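Please look over the chain shown here before reading on. The report that follows takes up confidence, then a sheet, then a helix, and then a single residue.

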Amino acid sequence: MAIEKVDVFVTSPGRNFVVLKITTTDGVTGLGDATLNGRELAAAEYLKTIAPMLIGKNEDNIEDIWQYLYKGAYWKRGPVTMAAISAVDVALWDIKGKKLGVPVYDLLGGASRTGLLTYGHASGVDLPSLFDSIDSYLDKGFKAVRVQSALPGIPSTYGVAGSANAQTGNGEKGMRYDYEPARRTEVPVEEVWDARTYMNTLPGVFEAVRNKYGNGIALLHDCHHRLSPIQAARFGKMIEPYDLFWMEDCTPAEENQEMLRVVREHTTTPIAIGEIINSATDYLTLIKEQLLDYVRSAVTHTGGITHMKKLMDYASFYDIKSGFHGPTDVSPVGMAANLHLGLAIPNFGIQEYMRHSDETLEVFHTSYTFTDGMLHPGNKPGIGVEFDEKLAAKFPYQPAPLPVDRLLDGTVHEW
């Protein structure tokens, strides 16, 4: 028993994805996801660099291989390294599950629940279009919805369908912004941000949503790292009356974690942090000081199932729950890995879910299901995803960098 072959694929059926395929001497294959939005080729090249190091290793020794890739690299952590390690790790868990004939969550201690509470992405350029968007998610069975709204005088706003730079999965303007937040060009789109306009607008949006829908649905919101700590503290207090499930990434927590103490001291709005944090080490202060309520990292970007399970085990001692990142730039392989881990851990919170484009789901055949607001990874051995290599080859990589934000005076800001 040994790893015999390692293949790396970059494909773009709707969005760019980096897929790792490991094949053993017994002919068992496993899939991993190393997609790093806007930096896909860097992650792919890293995988190609470490691929020869994996040949001949016993595929059953998942922990040893993880340590070999992490400690042996010398240059530890960082999004490219951790995405590559994640791809290898998930592929090995996939192989182990297939060899034993069980889904990966069974290898992690079994199911801790019957399904995973899930939230979708609602948005609008005005209240009527926002209400239409929320209604569409409620009609699909969602019990939780992230709410994003356009800002007066700001032409394009993060996460809002119909904004000036909103793109469909095919790069055309339209309502499916979440498939592609950037044009298919080598130069990033530049957007504009103004915190004062944002803070004067969003509380009224949440008030209108609560007045229309009552308290029966969970509402979430993503600040997308754009507020200073004191702004985040004020904003969290302003939205307390609307009982949000969380405010996400209210300030850049990878840079100034200590200032989250200011946010925590001034608001009881739950805090979700970590979409761009990629190692357990980077969470130590946040968890130990209980500066967050939900861990937002994805398995894809945070060292795989092995590393994320350790992180969530540590978080469980502080009653901190999961809210794994689940956008369409995490491939269905990465999404499945999120679901297997989420089903097993005791401190699951909620799972982000954006349905991939039809093109994507033709390349990736998935076994996970969505019913009545809940996701389930399915019961197929391994992670339950198959990859059509021939079809994937028909969708070559296309540059698609994420946008860049500037303030009204032209200063570069967090996107």
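## Confidence in the model

The term pLDDT stands for the predictor's confidence in each residue, on a scale from 0 to 100. The mean pLDDT of the protein chain is 94, and 95% of its residues reach 70 or more. Over residues 167-179, however, the pLDDT is below 50, although this stretch has 46 contacts in the model beyond near neighbours in sequence, a contact being heavy atoms within 4.5 Å. Where pLDDT is low, the predicted coordinates should not be read in detail.

This is a predicted model, in which local features need pLDDT of at least 70 and side-chain atom pairs count only at pLDDT 80 or more, while totals for chains, interfaces and linings use all residues. Residues are numbered from 1 along each chain as its sequence is written, and side-chain values use heavy atoms, with hydrogens and water left out.

## A sheet of three strands

Helices (H or I, at least four residues) and strands (E, at least two) are DSSP runs, numbered from the N terminus, and two strands pair if DSSP finds at least two bridges between them. Three strands form an open sheet in the order E1-E2-E3, with antiparallel pairing. Because E1 and E3 stand at the edges, each with a single partner strand, one side of each is left without a neighbour in the sheet.

Between E1 and E2, which run antiparallel, there are eight bridges, and Ile3 is placed opposite Thr24 in E2.

## Helix H1 and what covers it

Helix H1 (residues 40-54) has 15 residues and reaches 21 Å from its first C-alpha to its last, close to the 21 Å expected at 1.5 Å a residue; the expected span is 1.5 Å times one less than the number of residues. Just after H1, Gly56 takes a positive phi of about 95°.

Several residues of H1 are buried, among them Ala43, Leu47 and Ile50, where buried means under 20% relative accessible area, exposed over 50% and partly exposed in between (1.4 Å probe, protein chains only). The cover over the buried residues of H1 includes strand E1 (3-11), E2, helix H2 (62-71) and helix H3 (79-100).

## Val19 in strand E2

Is Val19 buried or exposed? Val19, which is found in strand E2 (residues 17-24), counts as buried because its relative accessibility is 0%. Leaving aside residues up to four places away in sequence, Val19 touches Asp7, Val8, Phe9, Leu31, Gly32, Phe364 and Phe387. The C-alpha atoms of Val19 and Gly334 are separated by 9.5 Å, though these residues are 315 residues apart along the chain.
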